[in-house]
Amino acid sequence: MSQTRVTMELVNDAVAVITILNPPVNAMTIPVIAGLMEKFDEASRRNDVKAVVLTGNGGRFSGGFDINVFQKVHETGDASVMPDVSVDLVLNAIEECKKPVVAAVEGLALGGGLELAIACHGRIASPKAQLGLPELSLGVIPGLGGTQRLPRLIGLQKAIEIMLSSKPIMSEGGKKLGLIDAIVPSEELLKVSCRWALDIAEKRKPWTRSLHRTDKIGSVSEAKEVIRIARQQTRRTAPNLPQHQACLDVIEEGIVHGGCHGILKEVKVAKKLVLQDTAKGLVHSFFARRATSKVPNVTDLGLKPRQIKKVAIIGGGLMGSGIATALTVSNIFVLLKEVNPEYLQKGIKTIHENVGALVSREKLTKDESEKALSMLKGVLDYSEFKDVDMVIEAVVENVPLKQRIFSEIEKACPPHCILATNTSTIDLNLVAEKTKSPDRVVGAHFFSPAHVMPLLEIVRTQKTSPQAILDLVAMGKVIKKVPVVVGNCTGFAVNRTFFPYSQGAHLLVNLGVDLFRIDRVISNFGIPIGPFQLQDVSGYGVFLAVWEEFSKSFPDRVFISPLIELLMKNGRNGKINGKGYYSYEKGSKTKPDPSIFPIIEECRQQTKLMPGGKPITVTDKQILEMVLFPVVNEACRVLDEGVVVQPSHLDTASVLGMSFPSYRGGIVFWADTIGAKHVYESLKKWSEMYGSFYKPSKYLEERAIKDIPLSATPTSSTSSKSRL
């Protein structure tokens, strides 16, 4: 039975119920596709079958085409391993079947799963079933006819929105749009679907083929106008993503030349897209994110995570209030501690504002927001810490202050309580120096804003217990974060890897490159905002404090520019006071502030780095590389020291923590697409011209010389010094 992927059972002596069995989501693997072909062929030939119902086992219709096949294509470079499903199965076997086919949809019908359903002649769904075509989020387009059938069922504009956004809708919304014919309780789904299929067979209900419909498309000129507007929006919102324009091309082909032409073009374009770098990057990102849940010597020990019900947060500033928001909206009770009533009220007010913003963005209902705020209590001492499961310290980056707090909470909290710090750079061994329970000390590094950013960097020392790590990983998932376990060092994985990012940009400015051009190059690459606007948004004090920490730990490769201090002397503090590299006036768009040019000139006069006193000449490509290759270089050191479990974890952390574009796969994956040799040779040349900031790491040098990918499994000598 375990080998059976698709079954067929005759119900009421008339209806063949074909069921996909491939837990957990009934993915369309190659054996499942072969099984569907076989069962539809049998059903169409049998005289005792009047109609067919297609469904999925275990409360799920189908999660779509097996993404592992994409991985196989990327490993081999051969798209021919992709089965020809669209014409053979979906069009010929299902839509053109001589007997009516009804889809009984429960739980979810996503990607290829929804494409199977919309090829059927009727669709009955259970309440709250998810329906969507998320293929563009993997760099491809719907490849089983979705680009042709969905517009014909629900109208062009809504179909384009669903495909380009990759966001699912619920069956209730699908019913309003005409995607679903009826919604019935789960226990009645099969019975109603069988009756519906028989009603079509016996001509009591219409027998409609989605691909033949034109009533919701409008005229060709109207449809072309809708597509033209979508193209314009997509060029603006997704300039580096070829699958969006390709999807619109294929939709237009079907509208102008007919659905069958559209199907054939869709197959051709889908196979071409799957081999492009965008799809490779996005598929890698998908699997890399899933891989973070496996942590050696933690998740493989047979331990069970303890539930975190009550958390105390020390510090109600930007980070503390954001963390409190993330916890309370996930039904975890929070004690927020501050040093005085004024700071406490300010922190509570920020949490109320955060929750209110989630309601206004329809991320929470009014009832959910009230429930979240009821899970919050403000305190001014440790008297109520006696039954907390975890404490998260979120005060300023001051070592003596953190040490004092950890000594105090160790005495105030129960023995099982996890003692966590949200420090972004400070070595955890320093923080825990004065505690007697180092096994309970762990880093819980959230990224700002903490209730929005998806990454949770979990930092373990040599003494942190596997149970504490496991508990924090489990809590991270409860609050809808992606937990990545990393080793202990200055900056941990993300901030350590990316500390050269802003410094490389500053070095270029001191070499005479236009600051705003650097930001444009980086944002055109796909990072939402450039390094200088990021400094404006974060606040200069944060950057100076972080630079100080890194200059202590890595004095051989730090470039400290006087520019930020000069800006602060000029009364600028970034977005906080509306004046930085950019001007931030209420009601107007953020724009470069040309009045900073004299300050930049003063900075260049101090550093005297421009060769012969003249600005260097560089292309946009060189700017990108001079900013990001030092980041790759530091990523190599992070891999070499075993700060992360595996290279793909650093890719996930870079995407979720630093907004590195997911379609480029992450910092290590992207570097491998360029090649270690080019990165190494470029850094070596720049180090000779501009100093040790660019000096290549031993790990990078070794990989470049031996032509080994940076993401290849580290050698045994490397793993022996792992910080994990």
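What percentage of the 724 residues of the chain count as buried? In this predicted model, the share is 56%. The rest of this text goes from the whole chain to one helix and then to charged pairs.

The chain is built from 30 helices and 19 strands. Its radius of gyration is 28 Å, close to the 27 Å that the globule rule gives for 724 residues, so the chain is as compact as a globular protein of that length. Along the principal axes, the C-alpha atoms fill a box of roughly 85 × 65 × 55 Å. Contacts can also be sorted by how far apart the partners are in sequence. Among contacts between residues at least 6 apart, 74% join residues at least 24 apart. The accessible surface of the chain is about 31000 Å², and carbon and sulfur atoms account for 53% of that surface.

Just after H27 comes Gly-675, with a positive phi of about 105 degrees.

Next come the charges. Side chains of opposite charge can pair when their charged atoms come close. The structure holds 34 salt bridges.

Two of the pairs sit within helices. In helix H28, Glu-681 and Lys-677 are 4 residues apart, about one turn of the helix, and their side chains meet in a salt bridge with an N to O distance of 3.6 Å. Lys-677 is exposed at 52% relative accessible area, while Glu-681 is partly exposed at 42%. Helix H22 (residues 540-553) holds Lys-552 and Glu-548, also 4 residues apart. The closest N and O atoms of this salt bridge are 4.0 Å apart. Lys-552 counts as exposed at 55% relative accessibility, and Glu-548 as partly exposed at 45%.

Another salt bridge joins the side chains of Arg-204 and Glu-202, at 2.6 Å from N to O. Is Arg-204 buried or exposed? Arg-204 is exposed, because its relative accessible area is 54% and the cut-off for exposed is over 50%. Glu-202, at 36%, is partly exposed.

Salt bridges can also link up into a network: Arg-496, Asp-556, Arg-557, Glu-634, Arg-637 and Glu-641 are joined in this way.

How values were computed: Residues numbered from 1 in each chain as written. Predicted model: local features only at pLDDT ≥ 70, side-chain atom pairs only at ≥ 80, totals over all residues. Heavy atoms only, no water. Rg over C-alpha atoms; globule rule 2.2 N^0.38 Å. Buried < 20%, exposed > 50% of the residue type's maximum accessible area, 1.4 Å probe, protein only. Contact = heavy atoms within 4.5 Å. Areas by Shrake-Rupley, 256 points an atom, 1.4 Å probe, with all protein chains shown as cover.
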